[in-house]
Amino acid sequence: MDIRQLRYFLAIANEGQITRAAKALNIEQPPLSRQLKLMEEELNVTLFDRSGHRLKLTHAGELLRQKAEGLLLQFYETIQEVKEVDEGVRGVLSIGSVVSCISLLPPIIETFHERYPGVTFKISEGDHFLLGEQLERRSIELIVARLPFEAAHDARSYSVLPLPSDPFVAVLPASWSLASMHEAIKMMELADVPFLTLKTDETTGMHNRVMNECRRHGFEPRVICECSSVAIIIALVAAGIGATVFPKSVMASFPLPVIKMLPIADADFQYDVGILWLKDRYLSKSARHFIDIFSE
């Protein structure tokens, strides 16, 4: 069995059909079918259940899939590492970020691009779970996110560089009298306003931090909407529907005149931020230099 056969096997596993896998690999179907048969004969196992419309992995096939993904990943990372010995810093750097941390990237990218103009960027946005999956699949190398990182995988599998903490601020419609009365706001002044909160089924860290701070000040916020998207909450605030509490850096991405951001005078609570990558896995030169700039 060789690398080419493992690629073929994974394509069939992903597509569920030999015809579709052959098309994805840009080869003819008969040679692909022969390679699968040769693999099964060599291993003396059946890798796919062929009884249904789609091919389904057997227990042996699932085990091979897990091992093959790791082997191919290590193979391609080895090639990349060897190439970088002479190539220097170039290629594509893939980064993931939660929306609430996007505003941290532009100054770092600007500095990085000045130093390493041969590198281009691919930036993905998502919640902790999606970004964690992309990091595991190596679709991205780095993640910029709020901490703690709420992914499905063991937190011990990540290396984390903590970044400066981010204070929470109140975010209100500029048309509200409450927004125009003060240069800062107290938590109890948010007790009776319609409240918007950021929460998904998987990621609840920011929601819990804000709710707990409200309770610490003696009230339960009047939540009228739980949203999975920062942009949705900002749109609702801009429309005058409600208020929220966000980390200050979030608002740098939404400089809207119809929204007022106020410091919270009696609540010194902050959100931790960090850049994450997988432990014990190869990091490209580009990724290492990007981390270095964050550390400066």
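A residue is called buried when its relative accessible area is under 20%. Asp-166, at 8% relative accessibility, therefore counts as buried. The model described here is predicted.

**Salt bridges**

- The count of salt bridges comes to nine.
- In one of them, the side chains of Asp-166 and Arg-146 meet at 3.0 Å, N to O. This pair links distant parts of the chain, with Asp-166 in strand 6 and Arg-146 in strand 5 (residues 142–147), 20 residues apart.
- Arg-146 has a relative accessibility of 2%, so Arg-146 counts as buried.
- Another salt bridge joins the side chains of Glu-296 and Arg-115, at 2.7 Å from N to O. Glu-296 lies in the segment after helix 10 (285–295) and Arg-115 in helix 5 (residues 105–115), so the pair ties together parts that are 181 residues apart in sequence.
- Glu-296 counts as exposed because its relative accessibility is 63%, whereas Arg-115 counts as partly exposed at 42%.
- Glu-226 and Lys-199 also meet through their side chains in a salt bridge, 3.8 Å from N to O. Glu-226 is in strand 8 (residues 222–227) and Lys-199 is in the loop between strand 7 (194–198) and helix 8 (205–216), so the pair ties together parts that are 27 residues apart in sequence.
- Glu-226 is partly exposed at 47% relative accessibility, and Lys-199 is partly exposed at 27%.

**Aromatic rings**

- A pair of aromatic rings is described by the distance of the centres and the angle of the planes.
- There are nine aromatic pairs by count.
- Phe-9 and Phe-48 form a tilted pair, with 5.6 Å centre to centre and 50° between the planes. The pair links distant parts of the chain: Phe-9 belongs to helix 1 (residues 3–15) and Phe-48 to strand 1 (residues 48–49), 39 residues apart. Phe-9 and Phe-48 are buried.
- The ring centres of Phe-168 and Tyr-271 are 5.5 Å apart and their planes are at 45°, so this pair is tilted. Here too distant parts of the chain are linked, since Phe-168 is in strand 6 (residues 158–173) and Tyr-271 is in strand 11 (residues 270–278), 103 residues apart.
- Phe-168 is buried, with a relative accessible area of 3%, and Tyr-271 counts as buried at 3% relative accessibility.
- Ring pairs also link Phe-112, Tyr-116, Phe-121, Phe-290 and Phe-294 into a cluster.

**Charges over Tyr-271**

- Arg-146 lies over the face of Tyr-271, at 5.9 Å from the ring centre.
- The charged end of Arg-209 sits over the ring of Tyr-271, 5.4 Å from its centre.

**Annotated segment**

- An unreviewed UniProt entry lists residues 1–58 as "domain: HTH lysR-type".
- Over residues 1–58, the chain is 62% helix and 7% strand. The C-alpha atoms at the ends of this stretch are 19 Å apart.

**Surface patch and a buried glycine**

- Met-1, Leu-43 and Val-45 make a nonpolar surface patch of about 210 Å².
- Val-45 is in the loop between helix 3 (29–43) and strand 1. Val-45 is partly exposed, with a relative accessible area of 30%.
- Gly-242 is found in the loop between helix 9 (230–238) and strand 9 (244–247). Gly-242 is buried, with a relative accessible area of 0%.
- Gly-242 and Ile-259 are 17 residues apart in sequence and 11 Å apart in space, C-alpha to C-alpha.

Note on methods. Residues numbered from 1 in each chain as written. Predicted model: local features only at pLDDT ≥ 70, side-chain atom pairs only at ≥ 80, totals over all residues. Heavy atoms only, no water. Phe/Tyr/Trp six-rings, centres within 6.5 Å; stacked < 30°, edge-to-face > 60°. Helix = DSSP H or I, 4+ residues; strand = E, 2+ residues; numbered from the N terminus. Buried < 20%, exposed > 50% of the residue type's maximum accessible area, 1.4 Å probe, protein only. Lys NZ or Arg CZ within 6 Å of the ring centre and 35° of its normal. Patch = residues over 30% accessible without salt bridge, like charges linked within 9 Å, V, L, I, M, F, W, Y side chains within 5 Å. Areas by Shrake-Rupley, 256 points an atom, 1.4 Å probe, with all protein chains shown as cover. Salt bridge = Lys/Arg side-chain N within 4 Å of Asp/Glu carboxyl O. UniProt positions renumbered as here; feature names shortened; annotations may be inferred.
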